[in-house]
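Here is a short briefing to read with the picture open beside you. Take your time and find each part as we go.

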Amino acid sequence: MIDREGVEHELEGEVGWSLMEVIREAGLPIEAACGGCCACATCHVYVEPEWLPRLEEPCEDENMMLDEAFEVRDNSRLSCQIRLTEELEGIRVVLAPEF
Amino acid sequence: MSSEPVRTDLVIVGAGPVGLFAVFEAGLLGMSCHLVDNLDRPGGQCAELYPEKPIYDIPAVPVCTGQELVDRLMQQIRPFEPTFHFRQQAERLERIEKGWRVTTSAGTVFEAPAVVIAAGAGSFVPRRMPLPEASSFEDRSLFYVVRRREDFRGRNILVAGGGDSALDWLLELEPLAGELAIVHRRKDFRAKPDSVERMRGLIEAGRIRMHIGQIVGLEGVDGRLKAVRIRNPEGEIRHPCDTVLAFYGLKMELGPIADWGLELEGSHIKVDTATFETNLPGVFAVGDICTYPGKLKLILSGFHETALMSHKAFTYCFPEKRLVFRHTTSSSDLRKKLGVA
């Protein structure tokens, strides 16, 4: 994960965790105000394009919440909605600006 | 501004689930409560962030939504007749001879022997536009809330957002605005379907212009907006307007509580787990805002915390009385308080 200062962090999580949880458990600055129930947009990340096709499409709830985020791009996702699987080993994301 | 302070036993800062249950626990011990909340209704995060999401970990309630939990708590505390003070933030806390004085952003003043902070992750405040130039336009050309509709008469308004607040205000200001436009990041709106339909009608009639895209820049001088730059999939466009109403939802901020002299750990208040008292005697913290070794941010933990808090708060409210521990099942006195005896 690349933080807002551009520093790269190598994080480890377990299969079944959400990406937000991996980032939060590592003590990195992700607000995740709602605790991961897809009810806010404070765990917004940009997924590096080559990883996008390996993720499931965002659900309508996630899209609705992304409406409240700022600087939303085509590779914007809420990290609480990305579940870790074996296939996602090595996924790279950039933390979106806080606001 | 109210001149006469409200005198009560407990002032509860925050009307989320834990603040509401504090009314119950305090009520059983004969303490009456006033609650302050920046939202316009009870429930805190449950009502604001996830009213329709299911909760599965409330003891003896296998499943209920956020809003149902709030409704049931409101029903449960009704016998204790709490008084709510909505749309205001607890701003100042001062020591007085017999306890504490709390002053809100609306000028309401409370005096009470004890104060309970049940403020969750803080107050809900509108999200600001995260552009460096935004602050120079705020309150002159860029607004996050509408205080007086009349202030917007004749203005050329761009509304940003796709939720209910954005569409409600778009439609509400339509009769009095000059030119009117909306910018939203995609063509689907999450607002109520009938609002979306009314908006689409006005777009077709040529009354409202619609931009799909995101605001990336504000142009103007001395806080007077001239145009907004919008990035859309094709590139960037310039939309001339003098007013932007931005509705990007709400965020939570600890706010003035941070300056009350409380011992904090990050943005959480440290408490004694026997009493949930803070470093200030007679000031308590319960629910998500408090921290102690092993703290879990669970609603059920917050409920437990209010029971212990109430027993200590009692000693501030009724220093001359002795407290006898009782259960609601067996105590006729408690049942009388609940209005069931």
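Which residue in β24(B) does B:Lys270 stand opposite? The residue is B:Thr291. This is a predicted model, in which local features need pLDDT of at least 70 and side-chain atom pairs count only at pLDDT 80 or more, while totals for chains, interfaces and linings use all residues. Residues are numbered from 1 along each chain as its sequence is written, chains are lettered from A and ligands numbered from 1 in the order in which they are written, and side-chain values use heavy atoms, with hydrogens and water left out.

**Chain B as a whole**

- Chain B holds eight helices and 24 strands; these are DSSP runs numbered from the N terminus, with helices being H or I of at least four residues and strands being E of at least two.
- Its C-alpha atoms fill a box of roughly 70 × 45 × 40 Å along the principal axes.
- Chain B has 341 residues, and 52% of them are buried. Buried means under 20% relative accessible area, exposed means over 50%, and partly exposed is in between (1.4 Å probe, protein chains only).
- The accessible surface of chain B is about 16,400 Å², and carbon and sulfur atoms account for 50% of it. Such areas come from the Shrake-Rupley method with a 1.4 Å probe, and for residues only the protein chains shown count as cover.
- Among the contacts in chain B with a separation of 6 or more, 58% are between residues 24 or more positions apart. Contact here means heavy atoms within 4.5 Å.
- Chain B is divided into domain 1 (6–125 + 251–337) and domain 2 (128–248), with bounds that come from an automatic or database domain assignment.
- The C-alpha centres of domain 1 and domain 2 of chain B lie 38 Å apart.

**Strands in chain B**

- β21, β22 and β24 of chain B form an open sheet in the order β21-β22-β24, with mixed pairing. β21 (264–265) and β24 (290–291) of chain B are at the edges with a single partner strand each, so one side of each has no neighbour in the sheet.
- Two bridges pair β22 (residues 268–270) of chain B with β24(B) in the parallel sense. Strands count as paired if DSSP finds at least two bridges between them.
- Strands β16 (residues 214–221) and β17 (residues 224–232) of chain B run antiparallel and are joined by seven bridges. In this pair, B:Gly220 has B:Leu225 as its bridge partner.
- The hairpin of β16(B) and β17(B) has two residues between the strands, and B:Asp222 takes a positive phi near 50° there.

**Nonpolar cores**

- The largest nonpolar core has 72 residues, and B:Leu10, B:Ile12, B:Met31, B:Ile117, B:Ile257 and B:Met309 touch the most other members. Helix α1 (residues 17–28) of chain B gives the most to this core, with eight residues.
- Apart from that core lies another of 27 residues, among them A:Val45, A:Val47, A:Cys80 and A:Ile82. A nonpolar core is a set of buried Ala, Val, Leu, Ile, Met, Phe, Trp, Tyr and Cys residues joined through side-chain atoms within 4.5 Å.
- Leaving aside neighbours within four places in sequence, B:Ile257 is in contact with residues including B:Val13, B:Ile117 and B:Ile289.

**Strands in chain A**

- Three bridges join β1(A) to the antiparallel β2(A), where A:Leu78 is the bridge partner of A:His44.
- Three bridges also join β1(A) to the antiparallel strand β3 (residues 93–95) of chain A, where A:Leu95 is the bridge partner of A:Val45.
- Is A:Leu78 buried or exposed? A:Leu78 is buried, with a relative accessible area of 0%.

**Two loop residues**

- A:Thr42 is in the loop between α1 (19–25) and β1 (44–47) of chain A, and A:Thr42 is buried at a relative accessible area of 10%.
- B:Lys321 lies in the loop between α7 (299–317) and α8 (332–337) of chain B, and B:Lys321 is partly exposed, with a relative accessible area of 47%.
- B:Lys321 and B:Met210 are 111 residues apart in sequence and 66 Å apart in space, C-alpha to C-alpha.
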